[in-house]
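Hi,

Here is the structure I promised to pass on. Have a look first, and then read my notes below.

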Amino acid sequence: MNQETRRRLAIAAPAMQVAVATTLLALVWKPALLIVPVLAALFILPLGIGLWVFARRGPTSRFLLAAWAPAGQAVAFGVVVGIVRLAGDGAGVALGLLVLGPMLVLLVLGLLTARRSDRRTTVALGVLWALAILEAAVALPLAEYWGGSGGLEALAGTVTLLFAPGIALGAWLALALAARVPDGGRTSEVAAAASAPGDGASAETADEART
């Protein structure tokens, strides 16, 4: 994983949390009206973040790797629902852990990924994480208010909002795994440059491809 991908992956951690939480908060606000747009956004936004993370890859590789994000969040949603169902009477405790635990893990892993980042990246991370934490603090009281006054649909949306950190963590972990897939296009360029006739231009091209 090159430094630019690592930098973008670090920024993607809070960006993913903000994107998922904002989308699910919209579902709580108007569940009947926004269900279809929310489902579409839950696919498009993580995919868009993934496309940005893998901006230096080839078009096909970029799209396929970015698609790991919505796949990862779908798996994470299934895991979160399974944990809540297994918790039974302790579902309230499980929901609390599913809010705090994944967000803390995402914060730690995102900051570890950002090691040795430049000042601009550090500032961007500070702003995005402050926004993510502030949104989580404000979203839950709002969700409880809307859920209590909007019937069963809004109540279901409130519970779903509590899944946001787990879903965001699943999407980000999928991107982190995808980032470890070797860039086949670049590898082939290096091999072609190295096997070319040994003139100065070819050697220089090989050196540039390796860097």
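A quick definition to begin with: buried means under 20% relative accessible area, exposed means over 50%, and partly exposed is in between (1.4 Å probe, protein chains only). Keep in mind that this is a predicted model, where local features need pLDDT of at least 70, side-chain atom pairs count only at pLDDT 80 or more, and totals for chains, interfaces and linings use all residues. Residues are numbered from 1 along each chain as its sequence is written, and side-chain values use heavy atoms, with hydrogens and water left out.

Now for Arg7. With a relative accessible area of 16%, Arg7 counts as buried because that value is under 20%. Arg7 sits in helix H1 (residues 3–29); helices here are DSSP runs of H or I with at least four residues, numbered from the N terminus.

Next, helix H2 (residues 31–53) holds Ile35. Ile35 is partly exposed, because its relative accessibility is 37%.

Of its 211 residues, 39% count as buried. Looking at contacts (heavy atoms within 4.5 Å) between residues at least 6 apart in sequence, 73% join residues at least 24 apart.

Cheers

Conventions. Helix = DSSP H or I, 4+ residues; strand = E, 2+ residues; numbered from the N terminus.
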